[in-house]
Amino acid sequence: MVYFKYGKAFHDLRIQHGFSLSAFEELGIAKSTLSNFENGKSMLSFDRLDFALQKMNVSPLDYSLMINNGEQDNYISIFDEIEHAYYQRNIKQLQYIYEINKEGSNEQKLIAFSARGLYRRLTIEELNEIEFYLKGVQFWGFFELSILANIGDKLDNSIINNIIDDLRYDKAYYENNLYYRVLIYRFFIK
């Protein structure tokens, strides 16, 4: 029953949008498979879940908010704090975000560097760590684009060119997502 909250959220959305269990068979999702998912007995693959959400015109972000009881993923909240502090020129808040994240997981360190790069020059080691991470990105999601929007201008030009090529390649995907578009525009403006 570890998957219950995922299936329950999907069930609630399906009912709200007036879809039957059989409505997703055209996507290759059998009624029994969907029923097992909704009852927490199994998980759907990401691509099938994504197709089903698209059929109901529900974004993955909205689905995520339902799963998390209306709360954003932690890193989204932190990037929101960074953005607000930056635009309010609140250096103390950016320093605080840096301090509480710099010794954490790899993701927390990247968040810390993202905050620090907005008020102070990053060290060569910090830049190398960011560049190493960004070189390995195959899908540019909210986390990666937030880092890019904040400190992408500090990266090596060859890495920036590779990132731009990646974003151009998947241009249609990013154009259709307002959150991603805003972050990409912030990167280009910087």
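Which residues line the largest cavity? The close-up views below take up this question and then turn to the aromatic rings.

The model is predicted, so local features need pLDDT of at least 70 and side-chain atom pairs count only at pLDDT 80 or more, while totals for chains, interfaces and linings use all residues. Residues are numbered from 1 along each chain as its sequence is written, and side-chain values use heavy atoms, with hydrogens and water left out.

**View 1. The lining of the largest cavity.** F79, D80, E83, F142, S146, N150, L183 and R186 line this cavity (a set of points on a 1 Å grid over the protein atoms alone where a 1.4 Å probe fits but cannot get out; lining residues have an atom within 4 Å of a point). The space inside is about 50 Å³, a volume being the space filled by probe spheres set on the grid points, which are joined across faces, edges and corners.

**View 2. The aromatic pair of F19 and F24.** The structure holds seven aromatic pairs, and in this one the rings are tilted, at 5.6 Å centre to centre with 45° between the planes (ring centres within 6.5 Å make a pair; planes under 30 degrees apart are stacked, over 60 edge-to-face, the rest tilted). F24 counts as buried because its relative accessibility is 0%, whereas F19, at 22%, counts as partly exposed (buried is under 20% relative accessible area, exposed over 50%, partly exposed in between, with a 1.4 Å probe and protein chains only).

Methods. Phe/Tyr/Trp six-rings, centres within 6.5 Å; stacked < 30°, edge-to-face > 60°. 1 Å grid on protein atoms, 1.4 Å probe; cavity = no way out; pocket = protein on both sides within 12 Å on 5 of 7 lines; lining within 4 Å.
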